[in-house]
Amino acid sequence: MLAATTARVLNQLRHDHRSIAMILVVPSVLLAVVYWLFENETLPPGIPRTFDRIGPIMLAIFPFVIMFLITSITMLRERTSGTLERLMTTPIHKADLLFGYGIAFAFMAALQSAIATGVAYWVFGLDIKGYGGLVVLVAVVNAVLGVSLGLFCSAFARTEFQAVQFMPIVVIPQILLCGLFVPRSQMNSVFQTLSDWMPLTYSVKALQEITANVDATSEMWRDLTIMAIVLLGLLALSSFTLRRKSS
């Protein structure tokens with residue numbers, strides 16, 4: 001059942017050219033915009049470019065946001081179109097359905113991250129101390145985290161508009177408090193506490209470790225483990241909140 005669900009979702013995506021473009025092309029385009037924003041900056045010798053500092057973080061944030069949107073809307077369509085209701089009349093388990101979606105979108109996330117990372121390194125000359133493969137690993141886990149969060153939030157939406165409304169509630173606060181714009185050490189105690197409970201924070205911390213260190217650090221693996229635990233926890237919670245159809 002798990003393999004069948006994964007194959008079905010991938011087959012649906014194969015015929016949805018807009019979603020494929022959204023997943024595979026848009027992150028690289030957004031990354032190009034970030035690069036061009038700082039293309040003409042003047043820095044003293046020995047100071048790393050701004051793009052080298054925030055580029056790896058963007059490689060995680062963009063897939064996270066895009067996969068959240070696509071997953072939440074796709075699952076909502078499955079429910080409102082009656083597809084989910086028909087599937088639930090078969091012996092399929094909710095966990096098979098949700099993890100099938102997770103695996104299918106994880107495959108797309110891997111392609112997405114590989115393409116975006118390749119563009120960052122080979123087109124825009126991203127220069128960091130750490131290994132690029134670790135950047136791809138964190139980006140993939142973060143994209144799948146967006147998938148699991150999208151599956152969870154879709155259970156509370158009745159329309160596609162409501163699914164999109166979760167963006168300013170669930171996603172944007174994580175982007176603001178993850179440490180990208182202001183170091184977490186400079187935030188007040190309330191925001192620091194909120195940031196500690198947001199999974200995107202650990203993605204940014206892991207990428208900052210990769211950017212600053214030649215070898216993988218224990219801190220990076222700890223942050224990656226936390227992300228994986230949150231990811232699996234959200235998928236498990238989604239199995240309890242999954243509804244067959246919208247009322």
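A nonpolar core is a set of buried Ala, Val, Leu, Ile, Met, Phe, Trp, Tyr and Cys residues joined through side-chain atoms within 4.5 Å, where buried means under 20% relative accessible area, exposed over 50% and partly exposed in between (1.4 Å probe, protein chains only). The model in these views is predicted, so local features need pLDDT of at least 70 and side-chain atom pairs count only at pLDDT 80 or more, while totals for chains, interfaces and linings use all residues. Residues are numbered from 1 along each chain as its sequence is written, and side-chain values use heavy atoms, with hydrogens and water left out.

**View 1. The largest nonpolar core has 73 residues.** Ile23, Met58, Ile61, Phe105 and Ile210 have the most contacts inside this core. Helix 4 gives the most to the core, with 18 residues; helices (H or I, at least four residues) and strands (E, at least two) are DSSP runs, numbered from the N terminus. Look for Ile61, which touches Asn142, Ile175, Cys178, Leu180 and Leu200, leaving aside residues up to four places away in sequence. Here a contact means heavy atoms within 4.5 Å. In soluble globular proteins, nonpolar side chains tend to be buried together.

**View 2. Phe105 sits in helix 6.** With a relative accessible area of 0%, Phe105 is buried. Not counting residues up to four places away in sequence, its contacts are Val9, Leu13, Ile23, Met67, Ile70, Thr71, Thr74 and Val147.

**View 3. Tyr35, Trp36, Phe51 and Phe124 form one aromatic cluster.** Rings of Phe, Tyr and Trp (its six-membered ring) pair if their centres lie within 6.5 Å; planes under 30 degrees apart count as stacked, over 60 as edge-to-face and the rest as tilted. By this rule the count comes to 5 aromatic pairs. Tyr35 and Phe51 have ring centres 5.3 Å apart and planes at 85°, so they are edge-to-face. Because Tyr35 lies in helix 3 (residues 26–37) and Phe51 in helix 4, this pair ties together parts that are 16 residues apart in sequence. Both Tyr35 and Phe51 are buried. Trp36 and Phe124 are also edge-to-face, because their ring centres are 6.3 Å apart and their planes at 80°. Trp36 is in helix 3 and Phe124 in the loop between helix 6 (94–123) and helix 7, so this pair ties together parts that are 88 residues apart in sequence. Phe124 counts as buried, at 8% relative accessibility.

View 4. Leaving out residues up to four places away in sequence, Ser28 touches Ile115, Ala116 and Val119. With the neighbours up to four places away in sequence left out, Ser148 touches Leu231, Leu234, Leu235 and Ser238.

**View 5. The largest pocket is lined by 14 residues.** Of these, Asp16, Ser19, Ile70, Thr74 and Arg77 lie nearest its centre. On a 1 Å grid over the protein atoms alone, a pocket is an open set of points where a 1.4 Å probe fits, with protein on both sides within 12 Å along at least five of seven lines; lining residues have an atom within 4 Å of a point. Helix 4 gives the most to the lining, with 6 residues.
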